[in-house]
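Here are a few friendly notes to read alongside the model. Please keep the structure open as you go through them.

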Amino acid sequence: MTTNDSPTTGSTSTGRLAGKVAIITGGGSGIGRASALRFAAEGAAVGVLDRDGEAAAGTVKLVEAEGGRALAVTADVAKAAEVDAAVDAVAAHFGGLHVLYNNAGVDSRGSVAVAEEDDWDRSFNVNAKGTFLVSRAALRHMEKGSSIINQGSVAALVGVMNFAAYCAAKGAVVALTRSMAVDLAARGVRVNVICPGTVYTPLMEPMLAARGDGDMELGLQRTLVKYPIGRLGDVTDIANVALFLASDDAAFMTGSVVAADGGMTAQ
Ligand code: 1HS
């Protein structure tokens, strides 16, 4: 399967993020890269934060090739000092911060009967603690009218076999989103969470291969049957939802759990 990194394929840019500064974590690939391209095409200056500095720089190159503005910063979202330095660098470089997309994530392996403790810790450190640390750092710079988008998953809403730590950590992200929304409403900062279905990205390949007993194509077929819409998600499907939640078009939404899943959780 291929992914579509073009920020404007099938979309018309309308400047919905003109004058805004955004940070996207996990911006070096997949949904994060597609969102960086989409946000920049809508006028945002984008801080591309990723643990892989080269991948972040690659996204910046693509954004600049489309005429956009971006800055690559390297940080592990689970490490407070790295996060604080990276977020401060973006805010200083572009003169503020208005949007944060906590996209960075990791998956997990196995049911609770067989999961490894370090796998559990890694899933919570990146998916849940990472969302906390980056949001805390971003809020030092955010003013009224800002938007935080957290990355949940359908795995926060329904049980997914052999994915215990990931389901639990993404469930924590949904709960954290609601808590943040009520805490930050008076400051004029909106907080919402996207719960994507499976989008074919490198993050998903281990899960898909395991689901197919080592056969990726079989894993894809066993996954596809869970999606009434008849396909898996594309990175631009999720980037477009993130753009909406980042924009003033979602001005009355905070604490919302937005399933972008091809109907997977509707059944
Ligand atoms: C990784 C993404 O958040 C989706 S979790 C797995 C959902 S499915 O493949 O079992 O439909």
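1. An oxygen atom of the ligand lies 2.5 Å from an N or O atom in the side chain of Ser153. That is a polar contact, a pair of N or O atoms within 3.5 Å. Thr198 also places a polar side-chain atom 2.5 Å from an oxygen atom of the ligand, and for an N or O atom in the side chain of Tyr227 the distance to a ligand oxygen is 2.7 Å.

2. Please bear in mind that this is a predicted model, where local features need pLDDT of at least 70, side-chain atom pairs count only at pLDDT 80 or more, and totals for chains, interfaces and linings use all residues. Residues are numbered from 1 along each chain as its sequence is written, and side-chain values use heavy atoms, with hydrogens and water left out.

3. Which residues come nearest to the ligand? They are Ser153, Tyr166, Thr198, Lys226 and Tyr227, out of 14 residues around the ligand (a heavy atom within 4 Å). By class, this shell holds nine nonpolar, three polar and two charged residues, with Tyr and Cys among the types counted as nonpolar and Gly among the polar ones.

4. Now to the cysteines. The whole structure has zero disulfides (cysteine sulfur pairs within 2.5 Å).

5. Cys167 is buried, at 14% relative accessible area (buried means under 20%, with a 1.4 Å probe and protein chains only). Cys195 counts as buried too, at 0%.

Methods
Polar contact = N/O pair within 3.5 Å; in protein donor to acceptor, adjacent residues only side chain to side chain. Buried < 20%, exposed > 50% of the residue type's maximum accessible area, 1.4 Å probe, protein only.
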